[in-house]
Amino acid sequence: MTDVAVVGGGPAGLSAALFTAKNDLDTVVFDTDETWMHKAHLFNYLGIESEDGTAFLEDAREQVDSFGVDRRQGEEVQTVEQDGDGFRVVTEDDDLAADYLVLATGADRDLAEQLGCAFTDEDTVDVDVDMETSVADAYATGAMVRAEEWQAIISAGDGAAAALNILTKERGEHFHDFDTPADAE
């Protein structure tokens, strides 16, 4: 059992995992490492002058790991389904229950379709401003929800929006993840 299951380990999935784990929600990330980031070089990501996409992923993974994310590298999710008030995420080796689900599988929308999420006329997953799908407590991010806007920084923002909505639901009031210099080690 986990609080948040994230399917996908690119910018959207890792961003969602960072926010939820940093704020004390048990978070599991399933990452097959098939992200398009391995073909990218970042010049247009705020705060990064120039970085190879693979190096960016290594940095992002190190950051989420430091907050205790259970990152299951190479473990592919076969099915997702609603299970009572939560979700069941099934891999070849595991069957995990989660309260919240974040789908961050790029342009592969199969799991969202399997879950019964609504789609737009453009065949993208239909989400609200917080990235929540038509299935309560299930979120879709990045290229899943955008026909052609596949930018790392946009995807990371989508993941953050999903995570903040999850944290708002958990806290029962609008949640801000805002740190000050006094919070830094």
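Select Leu-115 and, skipping its neighbours within four places in sequence, you'll find it in contact (heavy atoms within 4.5 Å) with Val-80, Glu-81, Gln-82, Phe-87, Leu-101, Val-135 and Ala-138. Before you click on: this is a predicted model, where local features need pLDDT of at least 70, side-chain atom pairs count only at pLDDT 80 or more, and totals for chains, interfaces and linings use all residues. Residues are numbered from 1 along each chain as its sequence is written, and side-chain values use heavy atoms, with hydrogens and water left out.

Leu-101 and Leu-115 have the most contacts inside the largest nonpolar core, which has 54 residues. Such a core is a set of buried Ala, Val, Leu, Ile, Met, Phe, Trp, Tyr and Cys residues joined through side-chain atoms within 4.5 Å; buried is under 20% relative accessible area, exposed over 50%, partly exposed in between, with a 1.4 Å probe and protein chains only. Helix α4 (residues 152–171) gives this core its largest share, seven residues. Helices (H or I, at least four residues) and strands (E, at least two) are DSSP runs, numbered from the N terminus.

Next, colour β6 (77–83) and β7 (residues 86–91). The two strands run antiparallel, joined by six bridges; DSSP has to find at least two for strands to pair. Val-77 sits opposite Thr-91 in β7. In the turn of this hairpin, two residues separate the strands, and Gly-84 has a positive phi of about 65°.

Now for the open space. A pocket here is an open set of points on a 1 Å grid over the protein atoms alone, where a 1.4 Å probe fits, with protein on both sides within 12 Å along at least five of seven lines; lining residues have an atom within 4 Å of a point. The largest pocket holds about 520 Å³ of space, and of its 29 lining residues Gly-8, Thr-32, Ala-104, Thr-105 and Gly-106 lie nearest the centre. α1 gives the most to that lining, with three residues.

Move to the second largest pocket, with about 200 Å³ of space. It is lined by 14 residues, and Leu-18, Tyr-45, Phe-56, Ala-60 and Gln-63 are the closest to its centre. Both α1 and α2 (53–66) give two or more residues to this lining.

Last stop: Glu-149, in the loop between β9 (138–140) and α4. Glu-149 counts as partly exposed because its relative accessibility is 45%. Draw a distance to Arg-171, 22 residues apart along the chain: the C-alpha atoms are separated by 32 Å.

Terms used:
Grid points are joined across faces, edges and corners, and a volume is the space filled by probe spheres set on the points.
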